[in-house]
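Here are my notes on this model, point by point. Please keep the structure open while you read.

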Amino acid sequence: MIFKGFKEKSNKKYIDKKLKNRVISQDNARIKKVGVLINKDEAIDVKWFDTLAGALKVTPNNFQLIVFTKEKRSENVSFNNTYNEKNIGWGGTIKHPDLERFINTAFDLLISYYTEESIHLKLITTASNAKFKVGVLQEDERLNDLIIKTDLKDYSTFETELLKYLKILNKL
C-alpha cells in the first residue's frame, strides 16, 4: 500500500514536469487524425464517438479510441483497446505497447472525455503527443488546450461546441 502512494507521487511529478515543459503547437492545420480517451467507469456511450468522427469528417482508420478502467480483470471488459492502472508504471512509464503507441501517435486532436480525477487518465492525456487537446471540465486546466464544460451524457452539446470552436480556430 505504501508503494502505491510512492508510485502515485512519482507519476504526479512526471505529469507536472511534462506540463511545465509542454510546447503548445501553433499549427493551424486541419484535423485529420483524432484520438479519444474515455473512462469506462463513467458509463459513456462509446458508439456516439462514431457519430462524432463523422461530424469531424475523420475516416475510421484515422480515429482511435482508448478506454481506461479501474477493473483489474480483463474478462469484464468488452472493448479491445482497454487498459487499467497495471499498464502504467512508476514515473510515467507505460507497460503496454498499444497504449505506448497511442501516446506516441501525433494526433491532430486528442479528446479527453472523462471527468473523474484519476492520476492514470491525467498521465495518458499529458503524455500524449497530440497537437491539440480538448476535454470536458476537469480539476487541472493545464491538461487541455480547450475545455468544454458540459455533462458527460450531454453528447449533442459537446459535439456542437467542439465543432464551433474547431471552426473558429480554423481546424475544420
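1. Start with Thr-125. Leaving out residues up to four places away in sequence, Thr-125 touches Leu-37, Leu-110, Ser-112, Tyr-114, Lys-133, Leu-143 and Asn-144. Thr-125 sits in helix α4. Its relative accessibility is 0%, so Thr-125 counts as buried. One of these partners also makes a polar contact: the side chains of Thr-125 and Tyr-114 meet at 2.8 Å. Bear in mind that this is a predicted model.

2. Next, the largest nonpolar core. It holds 29 residues. Which of them touch the most other members? They are Phe-49, Leu-56, Ile-111, Tyr-113 and Phe-158. At least two core residues come from each of β1 (34–39), α2 (48–55), β2 (63–68), β4 (109–113), β5 (133–136), β6 (146–148) and α5 (155–168). The largest share is that of α5, with 5 residues. As background, nonpolar side chains tend to be buried together in soluble globular proteins.

3. Ile-111 is worth a look of its own. Set aside its neighbours within four places in sequence. Ile-111 then contacts Val-34, Gly-35, Val-36, Leu-37, Leu-52, Leu-56, Val-134, Phe-158 and Leu-162.

4. Now the largest pocket. Its space comes to about 230 Å³. The lining consists of Lys-4, Lys-7, Glu-8, Asn-11, Lys-72, Glu-85, Lys-86, Lys-95, Ile-119 and His-120. Two or more lining residues come from each of α1 (2–20) and α4 (119–127). Helix α1 gives the most, 4 residues. What classes make up the lining? There are 7 charged residues, 2 polar and 1 nonpolar.

5. Two backbone angles deserve a check. Lys-57 has a phi near 60 degrees, which is positive although the residue is not glycine. Lys-57 belongs to the loop between α2 and β2. Is Lys-57 buried or exposed? With 75% relative accessibility, Lys-57 counts as exposed, because the cut-off for exposed is over 50%.

6. The other angle is at Asn-170. Here phi is near 55 degrees, again a positive value in a residue other than glycine. Asn-170 is found in the segment after α5. Its relative accessibility is 45%, so Asn-170 counts as partly exposed.

Definitions and conventions: Residues are numbered from 1 along each chain as its sequence is written. This is a predicted model: local features need pLDDT of at least 70, side-chain atom pairs count only at pLDDT 80 or more; totals for chains, interfaces and linings use all residues. Side-chain values use heavy atoms; hydrogens and water are left out. A nonpolar core is a set of buried Ala, Val, Leu, Ile, Met, Phe, Trp, Tyr and Cys residues joined through side-chain atoms within 4.5 Å. Buried means under 20% relative accessible area, exposed over 50%, partly exposed in between (1.4 Å probe, protein chains only). Contact means heavy atoms within 4.5 Å. On a 1 Å grid over the protein atoms alone, a cavity is a set of points where a 1.4 Å probe fits but cannot get out, and a pocket is an open set with protein on both sides within 12 Å along at least five of seven lines; lining residues have an atom within 4 Å of a point. Grid points are joined across faces, edges and corners, and a volume is the space filled by probe spheres set on the points. Ala, Val, Leu, Ile, Met, Phe, Trp, Tyr, Cys and Pro count as nonpolar, Asp, Glu, Lys and Arg as charged, and the others, Gly among them, as polar. A polar contact is a pair of N or O atoms within 3.5 Å; within protein, one must be able to donate a hydrogen and the other to accept it, and residues adjacent in sequence count only if both atoms are side-chain atoms.
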